[in-house]
Amino acid sequence: MFKGFRDFLAQGNVMDLAVAVIIGAAFTQVVTALTDSVLMPLISALVGSPNFDDFAKITLNGNEIAFGVLLTALVNFLLVAAAVYFFIVTPMNKLIAMRKREEEDEEETPEEIALLREIRDALTNRPRV
């Protein structure tokens with residue numbers, strides 16, 4: 001039983017997941033700093049308030065319903081998602097695409113394929129009439 005558990009922990013997937021969780025926890029501070037110190041002050045300068053907690057409050061039978069809190073959470077989520085996309089996903093996709101192109105260039109391509117690529121590039125770059 002212990003051998004099976006040890007083998008499970010030693011698998012690459014578990015170790016990769018552990019590393020991802022640790023890096024994600026560390027990177028949370030970077031994303032939080034970006035949203036709290038850069039993006040939210042910009043929104044605050046435009047809107048006049050750093051959050052929307054006081055927006056659309058309704059009192060119903062003595063209970064306060066605050067739609068603004070939900071709006072603030074939604075804006076925070078969108079800011080974090082945008083920060084992750086534009087500062088992590090997009091650069092990584094460009095880096096991966098560059099590496100793929102380099103690998104393709106390193107591989108020897110048959111002469112026929114090279115000629116077809118030249119024809120394709122010439123056709124796409126020709127002026128339209």
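**Notebook: a walk through the model**

I began with Leu95, which counts as partly exposed at 33% relative accessibility. My cut-offs for this word: buried is under 20% relative accessible area, exposed is over 50%, and partly exposed lies in between (1.4 Å probe, protein chains only). Leu95 sits in helix α3; helices (H or I, at least four residues) and strands (E, at least two) are DSSP runs, numbered from the N terminus.

**Ground rules**

I noted that this is a predicted model, where local features need pLDDT of at least 70 and side-chain atom pairs count only at pLDDT 80 or more, while totals for chains, interfaces and linings use all residues. Residues are numbered from 1 along each chain as its sequence is written, and side-chain values use heavy atoms, with hydrogens and water left out.

**Confidence**

I looked up pLDDT, the predictor's confidence in each residue, from 0 to 100. The protein chain averages 83, and 96% of the residues score at least 70. Helix α1 (residues 2-10) has the lowest confidence, with a mean of 77. The highest belongs to strand β2 (residues 63-66), at 89.

**Distances along the helices**

From Ala73 to Lys94 I read 30 Å, C-alpha to C-alpha, for 21 residues in sequence.

In helix α2 I picked Val30, which is partly exposed at 47% relative accessibility.

**The core**

Which residues make up the largest nonpolar core? I listed 5: Met40, Ile43, Phe52, Val75 and Leu79. Helices α2 (12-47) and α3 are the elements that give two or more residues to this core. By my criterion, a nonpolar core is a set of buried Ala, Val, Leu, Ile, Met, Phe, Trp, Tyr and Cys residues joined through side-chain atoms within 4.5 Å.

I then looked around Phe52 (contact means heavy atoms within 4.5 Å). Beyond its neighbours within four places in sequence, Phe52 is in contact with Ile43, Val47, Gly68, Val69, Leu71, Thr72 and Val75.

Thr72 was my next stop, in helix α3. Is Thr72 buried or exposed? Thr72 has a relative accessible area of 9%, so I filed it as buried. Not counting residues up to four places away in sequence, Thr72 touches Asn51, Phe52 and Asp53.

**Salt bridges**

How many salt bridges does the structure hold? I found 2, taking a salt bridge as a side-chain nitrogen of Lys or Arg within 4 Å of a carboxyl oxygen of Asp or Glu. As a reminder to myself, side chains of opposite charge can pair when their charged atoms come close.

- Glu64 and Lys57 meet through their side chains, N to O at 3.6 Å. Glu64 is exposed at 53% relative accessibility, whereas Lys57 is partly exposed at 40%.
- Arg120 and Asp121 also meet through their side chains, N to O at 3.3 Å. Arg120 is partly exposed at 49%, and Asp121 is partly exposed at 36%.

**A positive phi**

I checked Asn61, in the loop between β1 (57-60) and β2. Its phi is near 55°, a positive value in a residue other than glycine. For background, most residues other than glycine have a negative phi. Asn61 is exposed, with 76% relative accessible area.

**A nonpolar patch**

Last, I turned to the surface, where Ile58, Leu60, Ile65 and Phe67 form a nonpolar patch with about 350 Å² of accessible area together. Patches are made of residues with over 30% relative accessible area and no salt bridge; like charges are joined within 9 Å, and nonpolar side chains (Val, Leu, Ile, Met, Phe, Trp, Tyr) within 5 Å. The areas come from the Shrake-Rupley method with a 1.4 Å probe, and for residues only the protein chains shown count as cover.

Phe67, one of the patch residues, is found in helix α3 (residues 67-106). I noted Phe67 as partly exposed, with 45% relative accessible area.
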